[in-house]
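Please keep the sequence and the model in view while reading.

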Amino acid sequence: MERGKMAEAESLETAAEHERILREIESTDTACIGPTLRSVYDGEEHGRFMEKLESRIRNHDREIEKMCNFHYQGFVDSITELLKVRGEAHRLKNQVTDTNRKLQHEGKELVIAMEELKQCRLQQRNISATVDKLMLCLPVLEMYSKLREQMKTKRHYPALKTLEHLEHTYLPQVSHYRFCKVMVDNIPKLREEIKDVSMSDLKDFLESIRKHSDKIGETAMKQGAKNSQSQSHYWIKLGSGQPKFPACLSNRHMEAQQQRNLDNIISQQPRIGSRKKSKKDAFTSLDTEIESTSPKSEQDSGILDVEDEEEDEEVPGAQELVDFSPVYRCLHIYSVLGARETFENYYRKQRRKQARLVLQPPSNMHETLDGYRKYFNQIVGFFVVEDHILHTTQGLVNRAYIDELWEMALSKTIAALRTHSSYCSDPDLVLDLKNLIVLFADTLQVYGFPVNQLFDMLLEIRDQYSDTLLKKWASVFRNILDSDNYSPIPVSSEELYKKVVGQFPFQDTELEKQPFPKKFPFSEFVPKVYNQIKEFIYACLKFSEDLHLSSTEVDDMIRKSTNLLLTRTLSSSLQNVIKRKNVGLTELVQIIINTTHLEKSCKYLEEFITNITNVLPETVHTTKLYGTTTFKDARHAAEEEIYTNLNQKIDQFLQLADYDWMAGDSGSKASDYLTDLIAFLRSTFAVFTHLPGKVAQTACMSACKHLATSLMQLLLEADVRQLSLGALQQFNLDVQECEQFARSGPVPGFQEDTLQLAFIDLDNSWISSPSGTGQHTSLTMANLLANICVSTQ
């Protein structure tokens with residue numbers, strides 16, 4: 001029973017489902033009935049569904065039949081009316097046909113006119129479209145024409161900008177035309193052409209810069225010299241509080257000293273730099289140049305023609321001579337083309353090669369200052385250009401690259417200067433070279449390059465300069481000593497007297513009181529040598545200028561060089577004069593007098609150095625002058641030479657002695673040779689008036705002792721074997737003449753009988769003769785002669 005209930009329930013559910021499907025079929029569009037029918041066939045009761053469907057169709061047919069039966073009479077009436085309308089429609093059709101025929105006949109001309117109008121309208125539309133297309137293509141053609149014109153006039157960077165606009169703005173709008181495709185294909189070629197031409201301009205620029213580096217450097221160094229002079233004049237005008245200088249110093253040296261005193265102040269002031277453009281200014285000027293570049297500015301070589309400036313006109317800045325636009329244009333072109341790194345590498349490589357060429361000095365550079373000047377000008381010109389490129393481009397060169405080049409340049413320059421300066425033997429050329437190196441260093445220092453090594457090298461050249469000065473002054477002293485007359489300087493007027501006193505520090509109240517004409521005790525070489533020593537100090541001072549040395553260092557350098565001059569050069573010159581074979585006693589006496597006065601002047605030389613260096617002698621580690629020792633040594637050498645010369649003169653007179661040792665009678669006076677010798681000694685000692693007392697006394701005592709010894713040697717000669725009494729008496733007269741000379745006091749300052757002691761050994765050697773007759777005495781022993789004497793009674 002339960003099974004029956006379940007079957008009944010399932011049947012009810014199936015019937016409800018079939019009813020739902022039927023309703024859905026009735027209400028659903030035919031195109032969408034597929035899913036509904038699928039659900040029927042998916043089930044198992046499609047037979048029963050078909051029965052239901054048949055039943056439903058029969059129901060709808062019955063309903064249609066009922067509706068048709070209900071409206072049949074109305075349908076018949078409608079058909080009747082429709083037949084009536086058909087006749088009317090036929091008649092209307094005939095009327096329309098007639099009307100149409102008439103209309104076609106009447107509108108035939110209008111149709112022809114409308115057709116013509118249609119063609120005109122079509123042509124008008126085509127023309128309008130053509131104009132629109134041409135208006136779209138015309139800017140492209142104009143830009144391309146502008147591009148070709150810029151290429152023709154070598155305005156490469158504007159041409160590149162035009163090419164960019166053409167490629168990215170204009171060509172895309174008309175890219176479907178064939179001529180545009182040709183343009184697009186030519187764009188890479190045009191870029192390469194611009195690239196090659198701009199690189200050619202850069203090569204021309206680099207070649208021109210290489211050739212004109214010396215001109216650029218010369219202008220930069222002139223500007224640097226002018227700036228230095230402006231600074232010097234400004235600070236010198238400050239003047240107040242500066243040390244006073246002795247009257248003998250020239251204005252030039254006073255200015256130099258003032259400048260040295262202000263070195264520390266000036267070093268704190270900002271240096272006057274070159275007229276550099278900022279990066280912004282550089283690129284602004286480049287943009288302006290792009291808009292208004294002329295063929296002339298494109299074709300120039302990078303160097304502007306500048307006439308030689310007059311001395312009173314302003315010196316143009318070094319960078320005003322150079323047109324850097326080829327570099328800027330090429331840099332921008334390569335940057336736009338994405339090849340900036342290639343350009344930078346090429347530029348740096350070429351400039352390195354040029355640097356090596358610039359740094360190679362000519363083989364004869366040391367012969368003239370112009371050789372050094374041209375060498376320095378080229379180096380300065382090279383680095384002025386690189387410095388300007390550094391500050392006006394964005395990374396074309398960097399500080400590391402510049403520093404690397406400068407290190408190489410500095411080492412090669414210093415090596416070249418050491419080599420070539422060693423060949424220089426002219427101190428004036430060495431001094432000019434030093435000034436040129438200082439200007440070279442100061443000019444580059446303005447551009448930010450470190451130059452300390454150059455100044456260190458100048459200290460090495462200073463030693464060479466000192467050696468060349470010593471050689472030069474050796475010749476000067478030699479000429480002075482050779483040309484001197486070794487006679488006291490005569491003056492006949494007050495003017496001449498003051499002139500000599502102005503040249504040499506000499507004070508003598510007794511000489512001042514004497515009437516004119518009168519004589520200075522020294523000869524002309526004293527003021528000349530003194531002034532030459534001062535000139536030497538001046539020369540040393542000139543080299544120390546602008547070396548950024550302290551006053552103590554300058555003072556030490558001058559004193560050491562002056563000591564070398566005194567102890568080596570001047571001392572050697574004096575010794576050579578003293579040792580000359582033809583030097584006379586008068587000359588030696590004058591040399592002693594001269595060196596005495598020069599020795600006294602050493603304190604004035606000390607003061608002179610102190611005044612020009614502003615370093616007090618009491619300062620610790622201050623070198624003292626050795627002039628006193630030099631002149632003392634020269635004087636002592638002259639004194640020894642006087643003693644030697646006197647003895648030689650005495651020997652020359654004694655060679656004239658012609659004793660007849662076997663003479664029977666003696667003469668009534670001393671021998672002629674001895675009389676002449678005594679007269680010579682008197683005149684010689686009379687010249688010793690201005691000599692220091694000890695020198696004259698020593699010379700006199702030495703001469704007397706030598707004379708006594710030589711007379712004794714005459715008796716002791718080996719070939720004197722016999723003596724007559726007359727010969728001994730004559731010899732005794734000669735001895736008495738010598739004693740008389742000693743008693744007469746030829747040189748003041750001896751105590752009583754002091755000079756006679758020189759002859760005491762000769763006097764004590766006499767003993768009384770045992771025979772008063774004229775008989776001959778035979779001597780068998782040489783030492784017996786020392787005991788033979790003749791009675792003076």
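## Nonpolar cores

A nonpolar core is a set of buried Ala, Val, Leu, Ile, Met, Phe, Trp, Tyr and Cys residues joined through side-chain atoms within 4.5 Å. Buried means under 20% relative accessible area, exposed means over 50%, and partly exposed lies in between (1.4 Å probe, protein chains only). The model is predicted, so local features need pLDDT of at least 70 and side-chain atom pairs count only at pLDDT 80 or more, whereas totals for chains, interfaces and linings use all residues. Residues are numbered from 1 along each chain as its sequence is written, and side-chain values use heavy atoms, with hydrogens and water left out.

The largest nonpolar core has 164 residues, of which Phe376, Ile642 and Leu646 touch the most other members. Apart from this core lies another, of 19 residues, including Val140, Tyr144, Met151 and Leu166. In soluble globular proteins, nonpolar side chains tend to be buried together.

Which residues are in contact with leucine 646, leaving aside its neighbours within four places in sequence? Among them are Leu585, Phe680, Leu681 and Phe688, where contact means heavy atoms within 4.5 Å.

## The second largest pocket

A pocket is found on a 1 Å grid over the protein atoms alone, as an open set of points where a 1.4 Å probe fits, with protein on both sides within 12 Å along at least five of seven lines; lining residues have an atom within 4 Å of a point. The second largest pocket holds about 490 Å³ of space, a volume being the space filled by probe spheres set on the points, which are joined across faces, edges and corners. Its lining has 21 residues, and Phe506, Asp508, Pro521, His597 and Lys600 are the closest to the pocket centre.

Helices (H or I, at least four residues) and strands (E, at least two) are DSSP runs, numbered from the N terminus. Helices H19 (509-513), H22 (585-600) and H23 (602-613) each supply at least two lining residues, and H22 gives the most, with four.

## Backbone features

Most residues other than glycine have a negative phi, and most peptide bonds are trans. The peptide bond from phenylalanine 516 to proline 517 is cis, with omega near -5°. Proline 517 belongs to the loop between H19 and strand E2 (518-519).

Tyrosine 486, in the loop between helix H17 (452-483) and strand E1 (490-491), has a positive phi of about 50°. This tyrosine 486 is buried, with a relative accessible area of 4%. Asparagine 614 also has a positive phi, of about 65°, but is partly exposed, at 42% relative accessible area.
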